[in-house]
Amino acid sequence: MIDMEPDRFKNPLVRWIDERLPAFSIFRRHYIDHPTPRYFNKGWNLIVSVMLMIVIVSGLFLAVHYVPHEDHAFEAVERIRRDVRWGWLIHTLHANGASFLFLAMYVHMGRGMLYGAFKTPRELVWIVGVLVLFLMVTISFTGYVLPFGQTGGWAAIVITNALTAIPFVGEGLRLAVLGGDGVGTATLMRFYVWHFAVPFLVLLLVFLHIWSLRVCLGKKDGSRNHYEDPRLVPFHPYHTIKGSLWLCGFLIAFTIVAFFFPDLTVSPGNRVPFDPLHMPDRIAPEWYLLPFYGMLRAVNFGINPYIALSLVLFAAALRPFYTRGAFRAGRAAGLAGGATLLFAFGYLGQTLFAAPFGVLFLVSAKSAGAAAFAGMFAVLLLLPWLDRHPVRNGRARPWFGAGMVLFAAALVALGVSGAMPATAPWVALGQVGAAVYFLWFLAILPVLNRFERGGRE
Amino acid sequence: MRRGVLFALWVAFSLPAACAHAGAAPSWSFEGPFGVFERSALQRGFRLYVRECSDCAALSGLRYGDLESLGFNADEIALIARELEDIPAAEAATLSVRPVPGPKAGRLPDSLGRIFRTRGSDAVFETITEMSDFESADAADVTAFVVWSEDPHLEARKKTGLAILFYLLMTMTVIAVLGRRFQTLSEQ
């Protein structure tokens, strides 16, 4: 990408620069002449990039007026909305822009999963993207706390409390993140610095994401793609036009929300100043973090020896799909059935009778919840090695397609359970969602690798 | 596709109105994509509010200078400032408005502005009619004033939004028309 021969540009100034720094050549080759398959959809990556820029630029303007202090933060945001010239504009673009950036990222990732965009040789493109998602989660969470409203302040308390689940360093980490025992100026300062600085790390990762994609697109990957069309078209104008149309459509939806329903995506509880003495009835993050919050709440049980043994049995049942060893249906069914019974025994025993189940925890409930949260990202990182089906395009795989619908339903179930009060039916819904989420990655995908048509065996 | 976008626009704008329950609250002039405040209602609402409200928390962000966008001119603002708090005209523009408790105030809660921010304009209207001695028409004007004081850029926001929507639709049309040439080429 860098060591290329410069093109011969007619404009003498462009040519002079390009001979010393081939930026124009690189741009021309990758965004104008680049031969691209016709079926590529250049819409969502463009939408994600533009939303990222909208949020970063509006954030820079907001940062000029914001005051990270417990006595002034809430008023500072109110002043931006009322008194700062065009302050209402940058405020609504930033607050609603975050929602639409996450919406675009989720669609972008979903399409990547559906069309197998993470498969060899593009594993790193996917992995860097998942890292970006993780950083975006931390950035949006710190941003939620900065206006110092009720839900934001209390969310900081609840989430940093989950940090204490990390063995050995947890309690120290919580103190370091909060800057003390409670949420205050020290917390706001820390969150402000994180919220301001980490987006630039995201920009760097986005650059690596695109760079890796450019390197890998030119390589033969040996996959069979049922819809593949060998004919190529230059990037400009074919994909630039298609992408611009998608972008305009998305921005129209964004404009309708940001200018006509500016409070639609902002939690009402965050429009009231933080009060450390009165815990609100409902503590929940913004909609795009609800599945993660739902997972934290769904895994509300510790790992006792029965549950631990059942997990080992599940792993044994799935082993042939990972090692490509011989598969015997009876043995796998026996192991999985035994594991399910054992899990039910361990879980019900723990919820119905405290002793002897409750005292025998290998992992406490709090740690298990935090581990499940981390596991959500871990399985996403491992996706290129979990879905190894040789057919790249998921739409050519009916079972995979049905599984994707199930997976989306699991995310919705987790989100709904995160939004609702932590009472029995909603927690149970979240637990079903959590089970399907992990089963999809760790069990269904490896099984489909072996049995879905078009596979190796 | 364009028809689809227009349909989506229509649905987006008409849904909230269709979902609104038929309660006692009047229909607000400031609702909808073209909604604006009625200046006369705001001015009446302001006068009622500053004379009758028992608490002033919602107005902590409001200065006498802001009353200009309610349609009052400088002389009227000076008069209001003198009438309410005996403030000299020269200083009025930078000072916060401090309403005084009045006989109709009843048991109005701390902050009507906060009720608007968390529960919307109908909730403000219901609170005023239930907890004070305001008549329905007066309560509607006070509600309009409270909404304005919490969302003073509502009109500018909608105007800007409509301009951006117009620009995006134009751009989309131009790209679609110009791009049609290349679309047919790529399908050959």
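Helices (H or I, at least four residues) and strands (E, at least two) are DSSP runs, numbered from the N terminus. By this convention, Asp151(B) is placed in the loop between helix H7 (136–150) and helix H8 (154–187) of chain B. The structure is a predicted model, in which local features need pLDDT of at least 70 and side-chain atom pairs count only at pLDDT 80 or more, while totals for chains, interfaces and linings use all residues. Residues are numbered from 1 along each chain as its sequence is written, chains are lettered from A and ligands numbered from 1 in the order in which they are written, and side-chain values use heavy atoms, with hydrogens and water left out.

**Interface of chains A and B**

- Chain A gives 29 residues and chain B 36 residues to the contact, where contact means heavy atoms within 4.5 Å.
- About 3000 Å² is buried between chain A and chain B, and carbon and sulfur atoms give 69% of that area; buried area is the accessible area (1.4 Å probe) that two parts lose on being put together, summed over both.
- Two salt bridges are found across the interface of chain A and chain B, each being a side-chain nitrogen of Lys or Arg within 4 Å of a carboxyl oxygen of Asp or Glu.
- A salt bridge joins the side chains of Arg82(A) and Glu150(B) (3.5 Å, N to O).
- On the side of chain A that touches chain B, the elements giving two or more residues are helix H4 (73–82) and helix H10 (235–260) of chain A.
- H10(A) provides the largest share of that side, 14 residues.

**Surroundings of Asp151(B)**

- Asp151(B) is buried, with a relative accessible area of 15%; buried means under 20% relative accessible area, exposed over 50%, and partly exposed in between (1.4 Å probe, protein chains only).
- Not counting residues up to four places away in sequence, Asp151(B) touches Arg81(A), Phe37(B), Phe116(B) and Arg157(B).

**Interior of chain A**

- Helix H11 (residues 290–298) of chain A is mostly covered, with seven of its nine residues buried.
- The buried residues of H11(A) include Leu290(A), Phe292(A) and Tyr293(A).
- These buried residues of H11(A) pack against helix H5 (87–114), H6, helix H7 (150–163), helix H14 (365–386), helix H15 (398–419) and helix H16 (424–451) of chain A.
- Trp126(A) touches Met109(A), Gly112(A), Met113(A), Phe118(A), Leu380(A), Leu383(A) and Pro384(A), not counting residues up to four places away in sequence.
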